[in-house]
Amino acid sequence: MFDKLEILQMAQAMATHAAARQGAIAENVANADTPGYRARDLASFAETYRAGNGAPMRATRNGHLDELVEHREPEPLARARPGSESPNGNTVSLELEMVAAADVKREHDLALAIYQTSMGILRTGLGRRA
Amino acid sequence: MNDFATSLSRSASGMQAQAMRLRFTSENIANADTPGYHRKTSSFEEVVESGRPTGQVRLGPVELDRRELTRVYDPGHPMADENGYYDGSNVDLVVEIADAREAQRSYEANLRMFDQARQMSSALLDLLRR
């Protein structure tokens with residue numbers, strides 16, 4: 001019932017996005033020495049959320065609008081970084097990946113904090129101490 | 001949670017590949033004075049399962065460095081020919097040390113990604129505990 005609240009929904013989408021992006025970064029770091037590997041990344045949360053999930057349509061029955069739900073998955077896109085290509089065709093830069101990883105951690109922490117605080121407010125509304 | 005599982009397995013595959021690379025490096029260094037030893041090298045490659053890259057990485061097949069062996073002048077050596085030369089190894093210690101250092105750095109990067117994914121998933125689980 002709580003996923004009808006938009007702020008919880010948004011926090012959930014943000015945490016999911018952070019987790020997916022962490023997967024992409026882990027892939028880049030693991031392949032930092034693979035010849036010919038192109039670094040991948042996801043679009044930022046702001047872009048994906050606005051594009052796919054800004055105003056969700058209400059389904060009258062479970063199973064409707066399944067396609068829409070699938071569209072929400074952020075698509076991996078190649079990260080173009082001119083000049084950072086090694087002679088073996090690899091475009092991963094460990095420094096940039098570390099920056100992105102710190103970003104992801106912050107995003108995930110933020111999402112969880114929002115979720116937790118909202119739940120606290122709900123609990124306070126129910127008359128319990130948060 | 002699935003995203004975290006993928007990140008963890010990707011980071012783990014990266015660590016494994018780097019550890020394997022370090023193994024070859026130590027093998028080369030150990031055999032730096034073995035007559036006729038060819039340096040072992042290997043290249044990283046993406047793991048592909050049923051036609052799709054999984055994002056994991058592994059070490060490709062081992063190859064031998066085809067550079068010429070160094071000719072060492074030592075008439076007292078049991079393997080020396082009539083001119084007093086024998087074939088040494090083609091291991092270059094400086095290259096091996098640089099390779100080992102790079103493997104260590106990449107291993108650390110993978111380890112950090114692993115740790116971050118673990119922290120993120122445990123922060124998520126902490127929400128359930130309260």
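This is a predicted model: local features need pLDDT of at least 70, side-chain atom pairs count only at pLDDT 80 or more; totals for chains, interfaces and linings use all residues.
**Layout of chain B.** I went through the secondary structure next and found two helices and six strands in chain B. Read from the N terminus, the order of the elements is α-β-β-β-β-β-β-α, so I note by the definition of the numbering that helices and strands are each counted from that end.

**Overall dimensions of chain B.** I compared the radius of gyration of chain B, 22 Å, with the value near 14 Å that a compact globule of 130 residues would have. Along the principal axes, the C-alpha atoms of chain B fill a box of roughly 80 × 35 × 20 Å. I also checked burial, and 22% of the 130 residues of chain B count as buried. Among the contacts in this chain between residues at least 6 apart in sequence, 60% join residues at least 24 apart.

**A loop residue.** I stopped at B:Ser50, which is found in the loop between strand E2 (44-49) and strand E3 (52-59) of chain B. Its phi is near 40°, a positive value in a residue other than glycine. I count B:Ser50 as exposed because 5 other C-beta atoms lie within 10 Å, where the cut-off for exposed is 12 or fewer.

**The contact between the chains.** I then listed the residues at the contact, which takes 25 residues from chain B and 23 residues from chain A. On the side of chain B that touches chain A, helix H1 (2-30), E2, E3 and H2 each supply at least two residues, and H2(B) gives the most, with 10 residues. By type, the residues on this side of chain B divide into 10 nonpolar, 11 polar and four charged.

**The nonpolar core.** Finally I looked for the largest nonpolar core, which has 30 residues, and those with the most contacts inside it are A:Ile25, A:Val29 and B:Met113. Helix H1 (6-30) and helix H4 (94-125) of chain A, together with helix H2 (93-129) of chain B, each supply at least two residues of this core; the largest share, 11 residues, comes from H1(A). Leaving out residues up to four places away in sequence, I find that A:Ile25 touches A:Glu97, A:Ala100, A:Ala101, A:Val104 and B:Met113.

Methods:
Residues are numbered from 1 along each chain as its sequence is written. Chains are lettered from A and ligands numbered from 1 in the order in which they are written. A nonpolar core is a set of buried Ala, Val, Leu, Ile, Met, Phe, Trp, Tyr and Cys residues joined through C-beta atoms within 7 Å. A residue is buried if 20 or more other C-beta atoms lie within 10 Å of its own, exposed if 12 or fewer, and partly exposed in between; C-beta atoms are placed from the backbone. Helices (H or I, at least four residues) and strands (E, at least two) are DSSP runs, numbered from the N terminus. Two residues are in contact if their C-beta atoms, placed from the backbone, lie within 7 Å. The radius of gyration is taken over C-alpha atoms; the globule rule is 2.2 Å times the number of residues to the power 0.38. Ala, Val, Leu, Ile, Met, Phe, Trp, Tyr, Cys and Pro count as nonpolar, Asp, Glu, Lys and Arg as charged, and the others, Gly among them, as polar.
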